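Welcome, and take a moment to look around before reading on.

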Amino acid sequence: MIKANFVGSCCHPSPRSRVICAGGDCNIKYAIQGQNLSYSVTVKKLIGVQKMVFPILKDCSLHVPVGQLWMLLGPNGCGKSTLLKILAGLLNPTSGNVIVRKPRSFVFQNPDHQVVMPTVEADVSFGLGKLNLTADEVRARVEKALKTVGMSEYLQRPVQTLSGGQKQRVAIAGALAESCKVLLLDELTTFLDETDQMGVVEAIRNCLGGPDQVSALWVTHRLEELKYADGAIYMEDGRVIMDGDVSNVAHLISRKQADYLAS
Ligand SMILES: Nc1ncnc2c1ncn2[C@@H]1O[C@H](COP(=O)(O)OP(=O)(O)OP(=O)(O)O)[C@@H](O)[C@H]1O
Ligand SMILES: [Mg+2]
């Protein structure tokens, strides 16, 4: 069975990868480092058999400090999910370097793809089988993870009775139970109403730091979520246009939206 949230295995950088020195401030510890990342796919031309290389990511660099929540924004198709998949080890960059603390976990957009076991307890403990833990240790990890995401009272609930946001929180609990250090979150709140959205936001803020020094990178289109971030990255057309201070990124996006509406 394939489970939607997983604790990623190591990624295999391309032969063109180099050893890197962390960008930004060398005194800061980073949970996620991507340096000069490019990713291209080879596609067939519509007419004829000729192939062409289509660049999706173009020389992207980013750094997310340990224990922080950063948000990744940008227009549809600019490469956010592709970048996240590279950081998760699901795709190999064509060139560039990736260093992400492990275990890391990717949580997808659709809540119905997140939870696969019949009950919340079974789902959160799903990934623990491989860790050779006692039944008491498994129970303790599941309870602690559910408490962190505010879902303790749902232990025995059938997963099909949960709301979308509750399913996302159960998926995050599954990652935390496996001592995940980095959460890579792709538009978790897109399908959620405001109550569920806030439940997920609070759950993620509650995960950060702690003994595992959990960090998160969250792709979102919802500008109002930026106020919960410690830092932000804005992409356009496969490139990182701005990263760092949340208010600067929010200002840039607001200005671009105003320009678009005025044009
Ligand atoms: N395997 C592939 N083959 C061809 N093109 C691809 C492939 N994967 C992604 N793309 C293209 O790369 C671009 C970036 O896709 P990606 O899904 O990363 O964008 P995104 O920023 O996450 O968009 P959205 O906000 O809509 O989720 C898009 O133009 C997409 O069609
Ligand atoms: Mg996407």
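What follows is a tour from the whole chain to single residues.

This is a predicted model, in which local features need pLDDT of at least 70, side-chain atom pairs count only at pLDDT 80 or more, and totals for chains, interfaces and linings use all residues. Residues are numbered from 1 along each chain as its sequence is written, while chains are lettered from A and ligands numbered from 1 in the order in which they are written.

## The whole chain

The chain's secondary structure comes to 6 helices and 10 strands. Helices (H or I, at least four residues) and strands (E, at least two) are DSSP runs, numbered from the N terminus. Of the 263 residues, 42% count as buried. Here a residue is buried if 20 or more other C-beta atoms lie within 10 Å of its own, exposed if 12 or fewer, and partly exposed in between, with C-beta atoms placed from the backbone. Among contacts in the chain with a separation of 6 or more, 75% join residues 24 or more positions apart. Two residues are in contact if their C-beta atoms, placed from the backbone, lie within 7 Å.

## An open sheet and its helix

Let us turn to a sheet. Three strands form an open sheet in the order E3-E2-E5, with antiparallel pairing. E3 and E5 are the edge strands, each pairing on one side only. From one strand to the next, the twist averages 25 degrees. Helix H1 packs on the sheet and touches E2, E3 and E5, its direction making about 120 degrees with that of E2. Axes are lines fitted to C-alpha atoms, for helices over the stretch in contact, and angles run from 0 to 180 degrees between N-to-C directions.

Strands pair if DSSP finds at least two bridges between them.

| Strands | Sense | Bridges |
|---|---|---|
| E2 and E3 | antiparallel | 11 bridges |
| E6 and E7 | parallel | 4 bridges |
| E7 and E8 | parallel | 5 bridges |

## Around ligand 1

Which elements each supply at least two residues of the shell around ligand 1? They are strand E2 (30-44), strand E3 (51-65) and helix H1 (80-88). H1 gives the most, with 3 residues. The residues around the ligand include Val41, Phe54, Gly77 and Lys80. A residue is near a molecule if its C-beta atom, placed from the backbone, lies within 6 Å of it. The shell divides into 5 nonpolar, 6 polar and 1 charged. In this scheme Ala, Val, Leu, Ile, Met, Phe, Trp, Tyr, Cys and Pro count as nonpolar, Asp, Glu, Lys and Arg as charged, and the others, Gly among them, as polar.

## Enclosed elements

Strand E7 (residues 182-186) has 5 of its 5 residues buried, so this strand is largely enclosed by the rest of the structure. Val182, Leu184 and Asp186 point one way from E7, and Leu183 and Leu185 the other way. In a regular strand the side chains alternate between the two faces of the sheet. Leu183 is the bridge partner of Ser105, and Leu183 has Ala216 in E8 as a bridge partner.

Helix H4 (residues 164-177) is also enclosed: 14 of its 14 residues are buried, so the rest of the structure largely surrounds this helix. H4 reaches 20 Å from its first C-alpha to its last, close to the 20 Å expected at 1.5 Å a residue. That expected span is 1.5 Å times one less than the number of residues.

Leu73 lies in strand E4 (residues 69-73) and counts as buried because it has 26 C-beta neighbours inside 10 Å. Its C-alpha atom is separated by 6.0 Å from that of Val219, 146 residues apart along the chain. Leaving aside residues up to four places away in sequence, Leu73 touches Thr220, Ala232, Tyr234 and Ile253.

## Backbone details

Most residues other than glycine have a negative phi, and most peptide bonds are trans. Asn36, in strand E2, has a positive phi near 55 degrees. Asp237 lies in the loop between strand E9 (231-236) and strand E10 (239-244), and its phi is positive at about 45 degrees. The peptide bond from Lys102 to Pro103 is cis, with omega near 0 degrees.
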